[in-house]
Amino acid sequence: MDEANQTTNGEYYTLSTGGKVPSGAKMAYMYVLIRGNGGIGAGTIYADLLNFHYGEANSLGNGSFEDYSNQSGLADGWNKVAWGGAVETIAVLDAWDAPAGSKVQRIQARNIPDGNYAAIIQKIKVEEGKTFTASGRFKIEELKNAKLQYYIDFLSEPGKYVGASIVEATQTTNGEYFTLSTSGKVPSGAKIAYVYVLIRENGGIGAGTVYADLLKIDIS
Ligand SMILES: [Ca+2]
């Protein structure tokens with residue numbers, strides 16, 4: 001069970017939970033529900049991208065980019081963001097060398113000005129004090145005055161930042177995928193996190209092309 005008790009500022013975010021199927025269980029009912037929580041309750045919510053899988057817990061939805069139900073270039077559950085006039089082009093591609101499944105997310109950006117970036121982003125729920133482990137597989141095809149960052153911003157509420165975790169790479173990877181990973185403690189006060197794969201300007205007008213797959217965040 002996972003739950004939320006605040007509005008989300010007009011944005012979707014990911015709820016997730018993991019555990020062991022109880023001994024003897026043969027079927028399950030899954031609910032999305034609005035529960036009374038002190039007084040006569042009322043609520044309005046929107047749900048999408050519900051799934052259930054066996055394997056490792058992942059606080060990210062569609063971290064392997066296999067769900068792709070529109071033609072926007074953006075895998076389900078993700079958004080894109082670019083600042084300062086950076087031009088971002090994204091695509092979900094069928095790739096023979098995909099680290100998981102058959103699809104990968106490509107992020108391409110150019111004209112990234114000083115101090116800016118272009119990214120894909122997903123908002124997730126976190127719990128302060130828990131340990132998180134984040135990892136992802138990346139192939140960097142091109143970087144010019146730019147670097148790749150796998151970036152987690154922790155917030156107590158929209159607009160209130162309480163910490164960040166960043167791992168980055170500054171070189172192309174010779175046509176191969178490699179793993180970026182990091183771990184730590186969810187900062188005190190954190191309730192939500194923005195998870196980014198981003199191309200950031202790194203001295204000059206930046207440009208880059210990266211492929212991402214198998215993004216995982218385990219919070220336990
Ligand atoms: Ca994949």
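Colleague: Which residue in β9 stands opposite Ile152?
Modeller: Val195 stands opposite Ile152. Strands here are DSSP runs (E, at least two residues), numbered from the N terminus. This is a predicted model, where local features need pLDDT of at least 70, side-chain atom pairs count only at pLDDT 80 or more, and totals for chains, interfaces and linings use all residues. Residues are numbered from 1 along each chain as its sequence is written.

Colleague: And how many bridges join β6 to β9?
Modeller: There are 10 bridges, and β6 and β9 run antiparallel. Two strands count as paired if DSSP finds at least two bridges between them.

Colleague: What is the strand order in the open sheet of 5 strands?
Modeller: The order is β1-β4-β9-β6-β7, with antiparallel pairing. β1 (79–82) and β7 (160–169) are the edge strands, each pairing on one side only.

Colleague: What pairs with β10, then? Start with β3.
Modeller: β3 and β10 are antiparallel over 6 bridges. Ile112 has Gly206 in β10 as its bridge partner. β5 also runs antiparallel to β10, joined to it by 11 bridges. There, Thr133 is partnered with Asp218 of β10.

Colleague: New topic. Which residues touch the most other members of the largest nonpolar core?
Modeller: Ala118, Ala193 and Ile199, in a core of 46 residues. The strands that each supply at least two residues of this core are β3 (103–112), β4 (117–125), β5 (131–144), β6 (146–157), β9 (192–201) and β10 (206–219). β9 gives the largest share, 8 residues. Such a core is a set of buried Ala, Val, Leu, Ile, Met, Phe, Trp, Tyr and Cys residues joined through C-beta atoms within 7 Å.

Colleague: What is Ala118 in contact with, leaving aside neighbours within four places in sequence?
Modeller: Ala82, Ala86, Glu88, Ile107, Ala109, Ile112, Leu198 and Ile199. Contact means C-beta atoms, placed from the backbone, within 7 Å. Among contacts in the chain with a separation of 6 or more, 74% join residues 24 or more positions apart.

Colleague: How many helices are in the chain?
Modeller: The chain has 0 helices and 10 strands.

Colleague: Last one: what box do the C-alpha atoms fill?
Modeller: Roughly 55 × 40 × 35 Å, taken along the principal axes.

Conventions. Buried ≥ 20, exposed ≤ 12 C-beta atoms within 10 Å, placed from the backbone. Helix = DSSP H or I, 4+ residues; strand = E, 2+ residues; numbered from the N terminus. Contact = placed C-beta atoms within 7 Å.
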